[in-house]
Amino acid sequence: MTEVAESIDATNIHAASTASNGQVALRVARKLGRRASYEVRGLWMLSQLAEDPTVIGTAGFRRALRAEVQIAREVDELFTISSELAAFLQDVGRVERPITVLPNGVNTDLFRPQNASHIPRESLGIGSETVIGFFAREARKFEGLDTLLLALSMQDNPRHKWKLLLVGDGEIKPHLLGRAAQLGVSECVISIPAVEYSDIPRFYSAVDVAVFPRKRELVTELVPPIKPVEAMACGVPVVVSDCSALLSPAREGAPILAFPRGDAISLAEVLSDLRASDSARRRLGQESRDWVVKHRQWRTIGDTLIRTLTSPDTA
């Protein structure tokens with residue numbers, strides 16, 4: 001990294017999570033007499049905590065969190081993925097400094113509505129049904145998919161048939177498929193492994209509504225997933241639980257729909273309304289796409305980063 005930074009005469013060395021990346025960037029910056037910045041995109045130890053509450057008492061948990069706090073204090077400029085995560089670092093980690101929020105952004109040229117010929121509905125065994133989609137590279141317990149399955153089992157309008165498309169991996173998937181069998185909806189569930197990054201927009205465009213029903217955990221309150229923004233960019237209406245990080249786009253004006261986390265009845269009602277109105281889904285999808293193009297495309301996020309790093313106040 002030192003040689004590259006010298007060859008391009010870099011004025012700032014920037015790194016993103018985890019803390020080990022930040023430590024390298026800081027070390028190189030100090031060696032060369034340059035500025036260093038760090039971007040906290042998540043705190044992986046909090047994901048571990050959501051899976052196993054006992055880790056909070058371990059030396060590894062404390063060491064990992066301490067490393068994140070330490071690098072956040074030492075760099076010249078600090079960024080986080082959400083205002084909630086910024087507040088956590090300031091309040092819990094005593095990181096007493098300004099923090100700039102760089103929210104999730106997407107390449108809106110890649111993540112966009114697809115032509116009908118590129119949408120794999122037929123190959124997935126989907127006909128005219130309304131398709132509810134859930135996407136995660138690795139589904140975890142805190143995703144709340146049991147709430148989604150229960151809500152879908154309450155969809156009782158025979159005129160509006162539905163399918164659930166689960167895209168991604170994760171150790172909980174066998175449990176979820178077993179739960180679908182218990183609820184009597186196995187024939188409505190389509191489960192496929194994680195797909196190549198360049199293919200993701202095709203699968204978003206195969207669904208009519210994308211749902212992210214996360215449970216309340218510290219990580220879900222602080223760290224927003226990127227998948228809802230990707231789905232919106234593809235013109236797909238998005239429904240989320242009311243975890244604070246998931247609601248951050250709504251607070252900025254994004255047209256997402258929300259329900260109380262863990263409340264399968266409320267989620268069932270939201271989905272029933274959307275399934276019954278093609279026009280409402282199309283309107284929400286277009287408004288979602290427009291909002292992402294205006295507020296969350298890479299160029300916009302990058303401009304915020306560059307503007308902060310080149311501000312006279314940070315020179």
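Please bear in mind throughout that this is a predicted model. Three elements, namely helix 3 (44–51), strand 5 and helix 10 (227–233), each contribute at least two residues to the lining of the largest pocket. Of the elements involved, strand 5 gives the most, with five residues.

The space in this largest pocket comes to about 850 Å³. Its lining is made up of 31 residues, and those that lie nearest the centre are Arg137, Arg214, Val223, Pro225 and Ile226.

For the second largest pocket, the volume is about 310 Å³. Here 16 residues form the lining, with Ser205, Val207, Cys234, Gly235 and Val236 nearest the centre. The lining of the second largest pocket comprises seven nonpolar, five polar and four charged residues.

Let me return to strand 5, which contains Thr130. Is Thr130 buried or exposed? Thr130 counts as buried because its relative accessibility is 7%, and the cut-off for that term is under 20%. Setting aside residues up to four places away in sequence, Thr130 touches Lys161, Trp162, Lys163, Asp208, Arg275 and Arg281.

Which residues does Lys141 contact, beyond its neighbours within four places in sequence? They are Glu51, Ile172 and Lys215. Lys141 also illustrates how the fold brings separate parts of the chain together: Ser47 is 94 residues away from Lys141 in sequence, yet their C-alpha atoms are 9.9 Å apart in space.

My last topic is helix 14. This helix has 12 residues, 298–309, and extends 16 Å from its first C-alpha to its last, close to the 16 Å expected at 1.5 Å a residue. Four of its residues, Ile301, Leu305, Thr308 and Leu309, are buried. Why do these four belong to the same side of helix 14? They do so because they cover an arc of only 100 degrees around the axis. As a general point, an α-helix has 3.6 residues a turn, so residues three or four places apart point the same way.

On the other side of helix 14, Arg299 and Arg307 are exposed. The cover over the buried residues of helix 14 includes strand 1 (12–16), strand 2 (35–40), strand 3 (77–80), strand 4 (100–101) and helix 13 (278–295).

Thank you for your attention.

Notes
Residues numbered from 1 in each chain as written. Predicted model: local features only at pLDDT ≥ 70, side-chain atom pairs only at ≥ 80, totals over all residues. Heavy atoms only, no water. Contact = heavy atoms within 4.5 Å. 1 Å grid on protein atoms, 1.4 Å probe; cavity = no way out; pocket = protein on both sides within 12 Å on 5 of 7 lines; lining within 4 Å. Points joined across faces, edges and corners; volume = space filled by probe spheres on them. Nonpolar A, V, L, I, M, F, W, Y, C, P; charged D, E, K, R; others polar. Buried < 20%, exposed > 50% of the residue type's maximum accessible area, 1.4 Å probe, protein only. Expected span 1.5 Å × (residues − 1). Arc of directions from axis to C-beta.
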